[in-house]
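I wanted to look up its cavities and pockets, one after another.

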Amino acid sequence: MGNYKIMVLAGDGIGPEVTAEGVRALEAIGKKFGHTFEFQEDLVGGIAIDTFGTSLKPETLDAAKQSDAVLWGAVGGPKWDDPRATDRPERGLLAFRAGLGLWANIRPVKVDEALIDNTTIKPETLRGVDIIVIRELTGGVYFGKPQGPSTTADGKRAAVDSMYYTEDEVARVAHLGFQLARKRKGKVTHVDKANVLASSRLWREVVTEVRPEYADVEFENVLVDAMAMHLIRRPATFDVIITENLFGDILTDEASMLAGSLGMLPSASLGALRPDGTGLGMYEPIHGSAPDIAGKGIANPIGMLRCTALLLRYSLGLETEAQALEAAVTKAIDDGMRTADITKPGEQALSTREMAEAILDRLG
Ligand code: IPM
Ligand code: MG
């Protein structure tokens, strides 16, 4: 029976609404399985800019390092979108990922059979989709230098971003991908743009060097433009996808459409792992702050509840508890429970709280 310290950083937009349900889910799991959770809250993102004048206080990062895991809601919104602003909510998010050394972003994409008619893609294309995207999270064009505005020799405005990678940054993602594939369907797809980008050619070289250690795993390289196409044409043929930061950002939004709604998908960001495969991690739904629906209590809490399950699995090593929560989510969906983003015409939509309650009622 464990006692765990969880940092709760709800952020902006619908972040606080969904994070509250994540906390309730952990409390319900604690009650059922005899664990206690100590929650520590703080502000990040736009609300932290408004309150403290910075999107991420150093003390927030320090406190997170002392915790067992971090639940993160979402950051950003139109209020903080001025392109000339010196601080932005997203800067706080990137500084947090980098500050905790969370280089691996794991984004599972699974299609719920009961929602197979809810998407814009044909059901026969979606059947059997079960993908994990591992997105590199602390390198590439998000962090490479030089970065920023500049000027041309004749005084015109210009700007630069640099896609920079080292071999070690690539190798650790490759190892994680192959190891994960071994526990799943046994296939790794590496996505790059090696026909144009030098950083992609480094990725391809290093991934190819790592590959022989995992000769039992099926492996392919796919160019990112082709991958954008394959993901909606034959998504069920993929298992583990490994890719650099920006490609992973874009492809996972696309992949979320396979699951019917961006609101369904969780992500886990991990860094150094202990020998048992667990470690300090940050858990954030991929939906973002959704300012258009913020404060209405209609956001889908499933992305966040699935984050909570990943937190139990990857940071606390509580696999039984993680599966119990995931099963409750599936059961609620199978029983027809829906938030507005996943209803079909004529179906009743539950609020964020009602949906979370419907799920937690099914914990058994
Ligand atoms: C994501 C988001 C972030 C990213 C934004 C909010 C900075 O899109 O987590 O996918 O680009 O990493
Ligand atoms: Mg994104």
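This is a predicted model: local features need pLDDT of at least 70, side-chain atom pairs count only at pLDDT 80 or more; totals for chains, interfaces and linings use all residues.

**Entry 1: the cavity**

I looked up the volume of the largest cavity, and the value is about 30 Å³. Its lining residues are Met163, Tyr165, Val191, Asp192, Ser199, Ser200, Trp203, Glu244 and Phe247. By class I noted 5 nonpolar, 2 polar and 2 charged residues in this lining. Two elements, β8 (187-192) and α7 (198-210), each contribute at least two residues. I marked α7 as the source of the largest share, with 3 residues.

**Entry 2: the largest pocket**

Next I turned to the open spaces. The largest pocket holds about 900 Å³ of space, and 32 residues line it. Which of them lie nearest its centre? I wrote down Ile132, Leu310, Arg313, Tyr314 and Glu326.

I then sorted the lining by element. At least two residues each come from β4 (104-110), β5 (130-136), α6 (167-182), α10 (302-314) and α11 (319-334). With 5 residues, α11 gives the largest share. My tally by class for this pocket reads 16 nonpolar, 6 polar and 10 charged residues.

Why does the largest pocket lie between domain 1 and domain 2? I put it down to the lining: domain 1 (1-108 + 260-364) and domain 2 (120-258) both give residues to it, so the pocket lies between them.

**Entry 3: the second largest pocket**

I went on to the second largest pocket, where the space comes to about 740 Å³. Its lining has 28 residues, and closest to the centre I found Glu90, Arg91, Leu93, Leu94 and Tyr142. Which of the elements supplies the largest share of the lining? I noted α4, with 6 residues.

By class, I listed 12 nonpolar, 6 polar and 10 charged residues around the second largest pocket. I checked the domains here too: domain 1 (1-108 + 260-364) and domain 2 (120-258) both contribute to the lining, so the second largest pocket lies between them.

**Entry 4: recap for my own use**

For the largest pocket I would open the view on α11, for the second largest pocket on α4, and for the largest cavity on α7.

Methods:
Residues are numbered from 1 along each chain as its sequence is written. Chains are lettered from A and ligands numbered from 1 in the order in which they are written. Side-chain values use heavy atoms; hydrogens and water are left out. On a 1 Å grid over the protein atoms alone, a cavity is a set of points where a 1.4 Å probe fits but cannot get out, and a pocket is an open set with protein on both sides within 12 Å along at least five of seven lines; lining residues have an atom within 4 Å of a point. Grid points are joined across faces, edges and corners, and a volume is the space filled by probe spheres set on the points. Helices (H or I, at least four residues) and strands (E, at least two) are DSSP runs, numbered from the N terminus. Ala, Val, Leu, Ile, Met, Phe, Trp, Tyr, Cys and Pro count as nonpolar, Asp, Glu, Lys and Arg as charged, and the others, Gly among them, as polar. Domain bounds come from an automatic or database domain assignment.
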